[in-house]
Amino acid sequence: MYRSLALVAVLSAVAFAQDGTLHTHPCTGGLPHPNWVRIEGCTVMPCKLIRGQDVNMWMEFTALNSFDGLTTKVMSTVGNEINIPYPLPSDKSNACNWLVNTRCPVDYNEDVEYHLNFHVSFIYPEVPDLKLEISLVDNYSHVQSCFVVDTSVVSS
């Protein structure tokens, strides 16, 4: 019996590690945290953002209210001191364009999967301690989901 329990525990741990879910920090102010976050090539923070390459991130959240529009907002913080908005191109900032399992309008309590892809330009300097706060804000100015991920910008 103990062998069976040990086997179940080991298999559960392996399955959890293989699903690619990344444990991220909550945003300040008690903003709603996503159900899960995945960043391609990263299962443990800090995630490496390689200059000259794209970053793919997925998250799932449960809609806190119905909404017709959704905007992605990214804030970067260097060394816990310098906050810099990271403006996304309009096609990327309109999060309704990047919903995976549904479309806008979204209904209350609907589970929504979102995909963000952005390019890490060669012009960005190497930064060993960069926090990214990624939030999805609906057309009523309600934050639907928000998380913070520790990253570092590195050369390939």
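This is a predicted model: local features need pLDDT of at least 70, side-chain atom pairs count only at pLDDT 80 or more; totals for chains, interfaces and linings use all residues.
Strand β8, residues 127-138, pairs with β9 in the antiparallel sense, over nine bridges.

What else does β9 pair with? Strand β1, residues 25-26, pairs with β9 in the antiparallel sense over two bridges. Pro-26 has Phe-147 as its bridge partner in β9. Strand β3, residues 47-50, runs parallel to β9 and is joined to it by four bridges. There, Ile-50 stands opposite Val-154.

Next, the disulfides. The structure holds three. If the bonded cysteines are numbered in sequence order, the pairing reads 1-6, 2-3, 4-5.

The torsion about the S-S bond is -80°, and the link of Cys-27 and Cys-146 is left-handed. Cys-27 is buried at a relative accessible area of 6%, and Cys-146 is buried at 0%.

Cys-42 and Cys-47 form another disulfide, with sulfur atoms 2.0 Å apart. Its torsion about the S-S bond is about -75°, so this disulfide is left-handed. Cys-42 counts as buried at 7% relative accessibility, and Cys-47 counts as buried at 1%.

That leaves Cys-96 and Cys-104, whose sulfur atoms are 1.9 Å apart. With -80° about the S-S bond, the link of Cys-96 and Cys-104 is left-handed. Are these two cysteines buried or exposed? The cut-off for buried is under 20% relative accessible area. Cys-96 has 19% and is buried, whereas Cys-104 has 22% and counts as partly exposed.

Now to another sheet. An open sheet of three strands has the order β2-β4-β7, with antiparallel pairing. β2, residues 36-39, and β7 stand at the edges with a single partner strand each, so one side of each has no neighbour in the sheet. From one strand to the next, the twist averages 15°. Strand β4, residues 54-62, pairs with β7 in the antiparallel sense over nine bridges. In that pairing, Glu-60 stands opposite Glu-113 in β7.

Glu-110 lies in the loop between α2, residues 90-93, and β7, residues 111-119. Which side chain of opposite charge is nearest to Glu-110? That is Arg-103, which is 10 Å away. The glutamate is buried yet has no salt bridge; the cut-off for one is 4 Å between a side-chain nitrogen of Lys or Arg and a carboxyl oxygen of Asp or Glu. Leaving aside neighbours within four places in sequence, Glu-110 is in contact with Phe-61, Thr-62, Ala-63 and Thr-102.

Note on methods
Residues are numbered from 1 along each chain as its sequence is written. Side-chain values use heavy atoms; hydrogens and water are left out. Buried means under 20% relative accessible area, exposed over 50%, partly exposed in between (1.4 Å probe, protein chains only). Lys and Arg count as positive and Asp and Glu as negative; His and the chain ends are not counted. Contact means heavy atoms within 4.5 Å. Two strands pair if DSSP finds at least two bridges between them. Axes are lines fitted to C-alpha atoms, for helices over the stretch in contact, and angles run from 0 to 180 degrees between N-to-C directions. A disulfide is a pair of cysteine sulfur atoms within 2.5 Å.
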